[in-house]
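Trainee: I'd like to learn how to read a fold from its coordinates. Could you walk me through one?

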Amino acid sequence: MDEMNMDEVYIYWDNSNIFHGAQSLARELNGEEDAHFRLRIEFRNLYRLASADRTVRKALAAGSIPPQMKTLWNVLEGQGVRVKLFYRGGTERSEQDVPDLMLQNAMMRDAVKNRDNPGTVVLLTGDGSGYDEGHGFYMTLEDMHTMGWKVELLSWEHTCHQRMRNWVQDVGVFVALDDYYESITFLEFLPTDIAPMPHLRHRATSIDISNRATI
C-alpha cells in the first residue's frame with residue numbers, strides 16, 4: 001500500500017444540516033428577532049475551515065435550489081466545489097434522504113477508488129441517523145476509517161449526533177462550528193418595497209484557522 005497522503009483531503013458537505021443548525025443558533029447569538037430567516041452561510045470561510053489550507057482532491061456539496069441561494073451556490077462553485085442541488089417541496093425526512101444518500105454513495109465510491117492510497121475525509125454534517133440500521137453518514141465514516149482513511153467532522157455542537165461525535169473524537173478530529181460562528185455566517189436584510197434588493201446587515205468576520213485541529 002502506498003504511503004497515506006495526509007495533506008490531501010476529500011470534503012463532503014451536507015449543506016441542509018449545516019444551514020439549519022446555524023439557523024437554530026442565529027436568534028440567540030445575533031440577538032435579533034428575525035435572525036433565523038436572514039442567516040446565510042459564508043461559503044468561502046467555511047470551505048477554508050474545512051480544507052485547513054490543505055490540498056483538496058475532491059469537494060462535493062449537496063443542497064437545495066431556492067432562487068435566493070443561487071448567488072451563494074455560485075460562490076461555492078467558484079471555490080472548486082462540485083455542487084449537486086435538489087428541489088425541496090417540504091420538510092419531510094424522506095426529501096433529505098436523497099442528497100444524503102448521494103453524498104454517502106460518493107464517499108464510498110471514492111474510498112474504494114482510492115483504497116491503495118486513502119487520504120483524509122472531511123465531512124460537514126451533524127446527521128448520524130441510520131447507524132443502527134446499517135446506513136447513514138456515521139456508518140459511512142466508520143467504513144472509510146476501517147479502510148484506512150483519516151476522519152474529520154465539522155458540525156454544530158447542539159445538532160451533532162452525540163454518538164458519532166464521540167467516535168470521531170476518539171479516532172480523528174471534531175471541529176465545533178460554534179467556535180467560528182461569526183466567521184462562517186452573516187445576516188442579510190430581506191427585500192422590502194423600499195429596498196427591493198437584499199443587502200448585508202452583519203458581515204462575516206475574517207476567519208482565523210490557526211487553532212483549527214487537523215488529523
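This is a predicted model: local features need pLDDT of at least 70, side-chain atom pairs count only at pLDDT 80 or more; totals for chains, interfaces and linings use all residues.

Trainee: What does the protein chain contain in the way of helices and strands?

Mentor: There are eight helices and nine strands in the protein chain. Of its 215 residues, 50% are buried. The chain exposes about 10900 Å², with carbon and sulfur atoms supplying 48% of that. As for contacts between residues at least 6 apart in sequence, 69% join residues at least 24 apart.

Trainee: On to the sheet. How do I read the strand order, and which way does the pairing run?

Mentor: The general idea goes like this: strands in a sheet pair through backbone hydrogen bonds, and the pairing is either parallel or antiparallel. Here, six strands make an open sheet, ordered E4-E3-E1-E5-E6-E7, with parallel pairing. Its edges are strand E4 (82-86) and strand E7 (173-176), each of which pairs on one side only. On average, neighbouring strands are turned by 15° against each other, direction ignored. For a close-up, take E3 (residues 55-64) and E4, which share five bridges in the parallel sense; Ser-64 stands opposite Phe-86 of E4.

Trainee: Which helix packs on that sheet, and at what angle to E1?

Mentor: H1 packs there, touching E1 (8-14), E3, E5 (120-124) and E6 (150-155), and its direction makes about 65° with that of E1. Helix H7 (residues 162-171) lies across E6 and E7, at about 135° to E6.

Trainee: Where do I find antiparallel pairing?

Mentor: Look at strand E2 (residues 39-41) and E8, which run antiparallel and are joined by three bridges. Arg-40 has Phe-186 as its bridge partner in E8. Strand E8 (residues 185-189) is mostly covered, with four of its five residues buried.

Trainee: Gln-23 sits in helix H1. Why does Gln-23 count as buried?

Mentor: The cut-off for buried is under 20% relative accessible area. Gln-23 comes in at 10%, so it counts as buried. Beyond its neighbours within four places in sequence, Gln-23 contacts His-36 and Leu-39.

Trainee: How many residues are in the largest nonpolar core?

Mentor: That core has 36 residues, and Leu-46, Leu-49 and Leu-124 have the most contacts inside it. Another core, of 27 residues, lies apart from it and includes Phe-86, Ala-106, Tyr-138 and Leu-141. Two of those names come back in helix H6 (residues 137-146), where the buried residues include Tyr-138 and Leu-141. Just after H6, Gly-148 takes a positive phi of about 105°.

Trainee: Last one: how do I read an aromatic pair?

Mentor: You describe a pair of rings by the distance of the centres and the angle of the planes. A search of the whole structure finds five aromatic pairs. One of them, Trp-13 with Phe-43, is edge-to-face, at 5.6 Å centre to centre and 75° between the planes. Trp-13 belongs to strand E1 and Phe-43 to helix H3 (residues 43-51), so the pair ties together parts 30 residues apart in sequence. Trp-13 is buried at 0% relative accessible area, and Phe-43 is buried at 2%.

Trainee: And what sort of pair do Tyr-138 and Trp-167 make?

Mentor: Their ring centres are 5.8 Å apart and the planes are at 50°, so this pair is tilted.

Technical notes: Residues are numbered from 1 along each chain as its sequence is written. Side-chain values use heavy atoms; hydrogens and water are left out. Buried means under 20% relative accessible area, exposed over 50%, partly exposed in between (1.4 Å probe, protein chains only). Helices (H or I, at least four residues) and strands (E, at least two) are DSSP runs, numbered from the N terminus. Contact means heavy atoms within 4.5 Å. A nonpolar core is a set of buried Ala, Val, Leu, Ile, Met, Phe, Trp, Tyr and Cys residues joined through side-chain atoms within 4.5 Å. Two strands pair if DSSP finds at least two bridges between them. Axes are lines fitted to C-alpha atoms, for helices over the stretch in contact, and angles run from 0 to 180 degrees between N-to-C directions. Accessible areas come from the Shrake-Rupley method with a 1.4 Å probe; for residues, only the protein chains shown count as cover. Rings of Phe, Tyr and Trp (its six-membered ring) pair if their centres lie within 6.5 Å; planes under 30 degrees apart count as stacked, over 60 as edge-to-face and the rest as tilted.
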